[in-house]
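Thank you all for coming; I would like to walk through one structure with you, going slowly enough that the terms are clear. Please have a look at it first.

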Amino acid sequence: MSQLEIPRFGAILAPFISQVPPTTMPRFLALLERGAANRYREWASMLPDHAEVLLSCAACEDAIADLIEAAFTLDPSLSEAVAAPLPAALVAYRDAFAGLDVWDQLRIQANAERQGAQAWRTIAKQIDDASVLDALARCSALEEASADRLDELIASHAPADA
């Protein structure tokens, strides 16, 4: 088996993240989390024997978005500016998986979850509010829990001769 190249999602998504006002970046990331939740639901329909695990990962993505939306208020006048780059960002995210078998997609997603956990930690370094810091720590934990679930799922699927 050839080495799977793991994309750097921060670099892939940076052109879209840079289009939103800096103070709204966490809210834009929350929208991306909802997009990832939808992707998990697609994987669950592709792998019905593993739907329970994949749907639990989708629930984590939605929970992350909920936490961020609660922790970072959004001025309604900025809603459109936050949403505008989302469609193209979601295409770029999907393109990172293009042409790959579903199990390789899940391997990449497990790594993407760990990248996401680190992104929340990086944002936390700029925050003083204890409740927001708690929300960000919970987001990182949810990302890592999904990564661990995916790793276990992938390991259980690995062929005996791998």
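Predicted model: local features only at pLDDT ≥ 70, side-chain atom pairs only at ≥ 80, totals over all residues.

Is Cys 57 buried or exposed? Cys 57 is buried, with a relative accessible area of 0%, where buried means under 20% relative accessible area, exposed means over 50% and partly exposed lies in between, using a 1.4 Å probe and protein chains only. Residues are numbered from 1 along each chain as its sequence is written, and side-chain values use heavy atoms, with hydrogens and water left out.

Let me stay with the cysteines. A disulfide is a covalent bond between the sulfur atoms of two cysteines, and here it is counted when the two sulfur atoms lie within 2.5 Å. The structure holds zero disulfides; for Cys 57, the nearest cysteine sulfur is that of Cys 60, 6.2 Å away.

Now to the aromatic rings. Rings of Phe, Tyr and Trp (its six-membered ring) pair if their centres lie within 6.5 Å, and planes under 30 degrees apart count as stacked, over 60 as edge-to-face and the rest as tilted. A search of the whole structure finds five such pairs. In one of them, Phe 9 and Tyr 93 are tilted, at 5.9 Å centre to centre with 50° between the planes. Phe 9 lies in helix α1 (residues 9–17) and Tyr 93 in helix α5 (residues 86–95), so this pair ties together parts that are 84 residues apart in sequence; helices here are DSSP runs of H or I with at least four residues, numbered from the N terminus. Both Phe 9 and Tyr 93 are buried. Ring pairs also link Phe 9, Tyr 40, Trp 43, Tyr 93 and Phe 97 into a cluster.

Phe 97 has a further contact, since the charged end of Arg 39 sits over its ring, 5.7 Å from the centre; the rule is that CZ of Arg, or NZ of Lys, is within 6 Å of the ring centre and within 35 degrees of the ring normal.

Definitions and conventions. Helix = DSSP H or I, 4+ residues; strand = E, 2+ residues; numbered from the N terminus.
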